[in-house]
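Colleague: I have a model open and want to learn how to read its features. Please take me through them one at a time.

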Amino acid sequence: MPAGKYNDAMYAGMKLGSLATVLLATASARAQTFSIEDVAFFEAKIRPLLASQCLGCHSNSRKSPPANLTLDSRAAILKGGDSGPAAIAGDPASSRILQALRYQGPQMPPSGKLPGEQIALIEQWIAKGLPWPAESAPATAPADATKARAAKRWAWEPLHPSSPPEVSNAASAPTAIDRFIQAKLEAANLKPAPASDRRTLLRRLSIDLAGLAPTYAEVQAFENDTRPDAYERQVDRLLASPTFGERWGRHWLDLARYADSGTLGIRFPLAITYRDWVIDAFNRDVPYDRFVTLQLAADQVDLHNRPQDVAALGFITLGNDLYRATELPDRVDDRIDVVTRGLLALTVSCARCHDHKYDPIPTHDYYSLYGVFANTQLLGFAKEIARNGKMAGASWYEDRIALRAQTREDYRNERIRAIREDYRQPAETEKYRKAAEETRSYSSAHRDVYAREHNLNAYMLERWVHSIDTHSDPTDIPVEDFGFVMTEGDSNTTRALRREYEDMVSDFAWRGSRERVISLADERIIRPAHVLVRGNFYDPGEETPPCFVTALSGPRRACFTHGSGRAELADAILHGPVPIASRVMVNRVWGHLFGEALIRSVSDFGSRGEQPTHPELLDHLAAQYGRDGWSTKRLIRSIVLTAAYRRASNASPEALAHDPENRLLSHTHRRRFDFESLRDSVLLFSGRLDTAIGGKPISLTTIPADPRRTVYAYIERERPLPLLKIFDVADPEQHTPARGETVVPQQALFLMNSPFLQEMSSWIDQLIGQTPDFVGELFRRILARNPSAEERKVITAIAERQSPAAEPTPELPWRYGAVSFDAVAGRVEEFRAFRYFTGSSWQAASMLPDVKEGMASITASGGSPGDALENAVSRRWAAPRDITVRVTSVLLQRRNQFAQRFHWTNGVRGSLVSSRSGLIGQWLIDGPAKGSKIVDLDESKAVANVESIRLKAGDTLDFVVDSRDDPELDAFTWKIKIEDTEGADAWDSEQDFRGPPVRPLTSRARAAQVLLMSNEFAFVD
Amino acid sequence: MINPYSRRRFLEYGTLGLGNLGLAMLLRAGEEIPNPLASKTPHFAPKAKRLIHVFLNGGMSHVDTFDPKPALNRYAGKALPVHLRTERKTGAAFPSPFAFRRFGQCGTEISEIFPKIGECADDLCVIRSMHTDIPNHEPSFLMMNCGSTQQVRPSMGSWLTYGLGSENQNLPGFIVLCPNGLPTKGAVNWRSAFLPGAYQGTHIDSSRKRVEDLVENISNASLTREDQRSELDALRAMNQTHAAAREDDPALHARLQSFELAFRMQMEAQDAFDISKEPDSVRSLYGDTLHGRQMLIARRLSERGVRVVQVWHGAGQPWDSHNDIKGNHSRLAHESDQPVAALLQDLKQRGLLNETLVLFSPEFGRTPVVELADFGSNLNGDAGRDHNSYGFSAWLAGAGVKSGQTYGATDEFGFRAEEDRVHVHDLHATVLQLFGFNHEHLTYRYAGRDFRLTDVSGQVIKGLLS
């Protein structure tokens, strides 16, 4: 076997580690006429041979296979090529394939005769009758597939020059864009709808550009503006507002499958740097080509003194983060998908296992891109770009982050040494030496199956086989390959260590640090990729240098030579002969403004996608985009200034009859608010909206609601909030081309019953306050218009409806907050009640850590302290009357095996402080003792009982916990019982724990709610 | 006149892949607006109308429950002649600490820790030759639930509600019961993925006792039912006027109606989840335990037409007994035994078992060899078993199932499925068959391709069908 080629294939197999294959399983599940053993024999011994030695030339993925002979299927082999059948089932002697392998006649493979054992295997296989698993028929007949491949797609041709057509009715087509639309309307004999009224138009424009409905004042201002450029002024006002970036940034985040956490719910520590970068990029109108280039290769291009632009790489890093070394192909697949569907509207992922069935995208193209991403370290890391030592607590975080990073290094180094020793034990070396001898001539695929069957580590087996010829030391495992030899315990430990490190980095960023952003880098050693036959990465086929997609390449295919090739890939995407990137983006922008794009399958311009409704217009826009320096704001401006955009959304009877899908755009589409616009507009009209741009994420489910915009919601890839799914928010698991618009009762339940709507309705009631024209104010505030007489009647009936008074909910004597604590004097200086209730915790921000109070929080059974004495936590009990009480409680902390081994917590201190008599008691919980035996769950506790405490009405008992100056992992449990020593009354901290009392809605608030639920509010006409 | 274009948009969600589905199928009687959960008919006459999937998340050990392996006794404490690679380090053969005995007329051998389920043996089709691909929870949950270990695909429950709609429009069509939190991989297990969000499973934390805590936003403590009704009446009036001025756009009407559906859902959910309405005899049949109550809720939901109910054992992966198989599996089995047996009996008594399919499965099985200690995964290495994707057991009962039998077999040690192997894809194909679908033709067009639950795999296993 030619050494060089085999080494590469072997290395690819080695690098791909110990994933269990389905070869044996698949074979036996599908076998029909052949026995399980025979099919298993084929899969284990023959198929890999064919793949690696024959299919490079004799495959139907080649344009003209030599001698017209393909060996991809049993039928093809039996049929043969120019020289007739390649094999006769059961008759090896007469089979041409065997003669060729024996170099009797044609000499195959041409590069060198196969070893005797391998030829013997082929002979054996033919003698058995060429066992092969049954295969299902391809989705299309071969002839159709070829035709589909040959058919050129308009979208893949170079720019088609055209000028806007002439139209009869020039008044209906004031802009160039309008002429393209008007020409088709005239050809179809359709009249355009009249212009929308100003209120409707401003609503549409505001939602499209800002994601916020306009206020009554804004509508009035526009309606009363008599200047000729009144509309242009509205457009420019909205384009200049930072709300624009939040709106259009969110569209992009759909494409980028943005999430704040990945597999197992583990946080992406610096995801927010990407989200904020995207929002900021739209606000600064970063040219689209630069925008894309940075997202693919910011680590490799000149940043023009903006080191923070590295955060753009979140586009790559915030993807599939399965962390095992062996899961590389799935990580790569996610990147290929997001880049090709997102930027090129090509479904290249289909070609992972076979040639695309419909488009001219051979599997070779998929693997040309594979190398680009396989040679990139896809799991991001924190890159320091600044030091802002001025930020409070910065040095603590710096030190701790460095320590946690060191702990990871140390663990890995310690373990790799131990593992090397394990593999040097005589029993192990003997086992592997024997196995290596036996499997020396096997393919990587077969060797992996062997390893699985014999309980061996596949990577080590590969090293042993490799050492036979090279005389290298197989046990000298490089530290970078730790992932292939580590145990499951190591995997859990390294993950726990990484998580602890990343939580520190993330907490620091969420509290305001701008020191770090997500980054990535190329692999240190660039390795060639190979086609993986049928997507099986133990079945590497021919080598595939990194190159661009064939269908988009024009006559000369761009291939990449610098590092992973990401920078060159970006260049090929943006500046190749086919203006695909601009067509795709321009089409998306059109879709967001009109409700339907010109090519409606926005992420698939292939043969299974739709045809463009106005191809010349699309190219006109693409050309304009390029001439305007790829300015997305200019593009949007030119579109919203058309007459077409400003039309009413009522369809004429003729339009309904002849163009029911409104492809010709005789009118605009009525559209429902997406979830972000809905929630943000409700916040705006309730007077609550916090317009701060960027920063730490929020929770959407706290009481009260966190009033920042919905784009800042914490998005969990694996535990998506049902609320988001219900409202069709993009699924963060993969690239989302377009959101659905479903209607389900759970949406109505949210609007009817959620705490959010109750709270906002109450705010509106309060905001409007006592005024004679409450109902009028309500309509103006929420719907930006005055009510009709009939509406006034209906809504007034609600606003004035009498309801029986609700029973007052009993108040409990507990309060939860952060305190400044003087531990020496035993005094609580300041009590800052926690604002937010999450359902299980009271805390200062909707998501922790709070910028000021850190992790301070109180739960039913305990909580977490803040950084130090200035933000300890307190569960405060107030005496309802003069009383003497007894306190029985246990303060404790539990630490898992990692916290024990790596000393993550130094313990906490509990103090009981009476407002009347000062410090009553203090109890220390220490961190895990160094050197003590590690157990599953280590518990350290203190019994905190006080027999008798005298209090007067209104006195407070503060159960204070502070971090002992080190808040890392300081969650504690403190269950407290307080009993009246002279009576039956008792209070239980856990039983009594609850959120804020629910207040009934006033009738006026209910009237507000009706309008917030209305279709008029939720739809853009 | 209703805008036919808007009507078409609703059809986009349902028609592709369903052959002879017409608009009429999507419409509820007397209304003109299509509803994604409207009841639909499948390709051919179904045997099953509803699915209850009891999921033993964490990996129930087959050699300790449904697959007796006396050969392990011969090798106790010694290396097995066959030792496939396991995720964690494993050692010597580890016979089951439990005794097996024969149950029912069919004489199926079941372990002593499932005595009540054992009594139902004649209703069960026990598959002993299940196998899956990866000995790890997350990919195997995804395989069992979504038909793919890594890729983003809709769950089986979503496919079924997409294909069939639901029989009761006042409740979600696909409900997932899991007590005390979320299982490993969370909502991904019941995801709709690229299918419309209407087909996503609705998770209920069944440990909550109060109905208000069970379904999100199902009730409102801030206003009375009457006040709410008055609001909805006012809303209806406003929405109708609004729609009338806009060609009665179906999208507007659909949203208008969704409030009425939601109003009804409040009452229906209150009723469905309220087990206090059951007679004492039924409640004691299931047992007054967390799992008993949860299973009774499952029966009530299914009986009320919820198309798919999935019942998980608990948050995380409780059946994952890496240590102390004896203690842990005894306890876990005890928690499920009575409720599951009660479900079967109860369905039977009500005449529902012959139109309900009950699937009882883990995501994989466990190794016949003992797991060894290793910091980070198993501190103590205490008489437990590691994950086993090579072979495991599951059973089917109810509509269209050939009951009173075992199907397939593992090797003599229970390491790998050997005879009449059933991959999870095959199980899916068979389940869809029972619901009246050719699994290759229940598809959805996304990203230019027709996707299906079984992707490119799966064979209907005729031996499981009556």
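Modeller: Start with contact, which means heavy atoms within 4.5 Å. Helices (H or I, at least four residues) and strands (E, at least two) are DSSP runs, numbered from the N terminus. This is a predicted model, where local features need pLDDT of at least 70, side-chain atom pairs count only at pLDDT 80 or more, and totals for chains, interfaces and linings use all residues. Residues are numbered from 1 along each chain as its sequence is written, chains are lettered from A and ligands numbered from 1 in the order in which they are written, and side-chain values use heavy atoms, with hydrogens and water left out.

Colleague: How many residues of chain A are in contact with chain B?

Modeller: Chain A contributes 105 residues, in contact with 90 residues of chain B. Next, area. Buried area is the accessible area (1.4 Å probe) that two parts lose on being put together, summed over both. For chains A and B that comes to about 8,200 Å², with 52% of it on carbon and sulfur atoms.

Colleague: How many salt bridges are counted between chain A and chain B?

Modeller: A salt bridge is a side-chain nitrogen of Lys or Arg within 4 Å of a carboxyl oxygen of Asp or Glu. Nine are counted between chain A and chain B. One of them pairs B:Asp450 with A:Arg608, the closest N and O atoms being 3.8 Å apart. Polar contacts follow another rule: a pair of N or O atoms within 3.5 Å; within protein, one must be able to donate a hydrogen and the other to accept it, and residues adjacent in sequence count only if both atoms are side-chain atoms. Across this interface, 35 residue pairs are in polar contact, both residues at pLDDT 80 or more.

Colleague: Which helix gives the largest share of the side of chain A that touches chain B?

Modeller: Helix α31 (residues 745-753) of chain A, with eight residues. The whole of that side divides into 44 nonpolar, 27 polar and 34 charged residues. The classes are simple: Ala, Val, Leu, Ile, Met, Phe, Trp, Tyr, Cys and Pro count as nonpolar, Asp, Glu, Lys and Arg as charged, and the others, Gly among them, as polar. Nine of the nine residues of α31(A) are buried, so the helix is largely enclosed by the rest of the structure. Those residues include A:Phe750 and A:Met752.

Colleague: Where is A:Ser564 placed?

Modeller: In the loop between β4 (540-544) and α24 (566-575) of chain A. A:Ser564 is buried, at a relative accessible area of 1%. Its side chain reaches the backbone nitrogen of A:Arg566 at 3.4 Å. Leaving aside neighbours within four places in sequence, its contacts include A:Gln300, A:Asp522 and A:Pro546.

Colleague: How many salt bridges does the structure hold over all chains?

Modeller: The total is 124. In one, A:Glu676 meets A:Arg250 at 3.7 Å, N to O. This pair links distant parts of the chain, helix α29 (residues 675-685) and helix α12 (residues 243-255) of chain A, 426 residues apart. Both A:Glu676 and A:Arg250 are buried.

Colleague: Is B:Glu303 buried or partly exposed?

Modeller: B:Glu303 is partly exposed, at 30% relative accessible area. B:Glu303 forms a salt bridge with B:Arg350, the closest N and O atoms being 3.3 Å apart. B:Arg350 is partly exposed too, at 33%. Salt bridges that share partners join both into one network, whose members include B:Asp271, B:Lys277 and B:Asp346.

Colleague: Which strands are joined to β10(B) by bridges?

Modeller: Two strands pair if DSSP finds at least two bridges between them. Strand β2 (residues 90-93) of chain B runs antiparallel to β10(B), joined by two bridges. There, B:Ala93 has B:Val369 as its bridge partner. Strand β11 (residues 385-388) of chain B is also antiparallel to β10(B), with three bridges. Seven of the seven residues of β10(B) are buried, so the strand is largely enclosed by the rest of the structure.

Terms used
Buried < 20%, exposed > 50% of the residue type's maximum accessible area, 1.4 Å probe, protein only.
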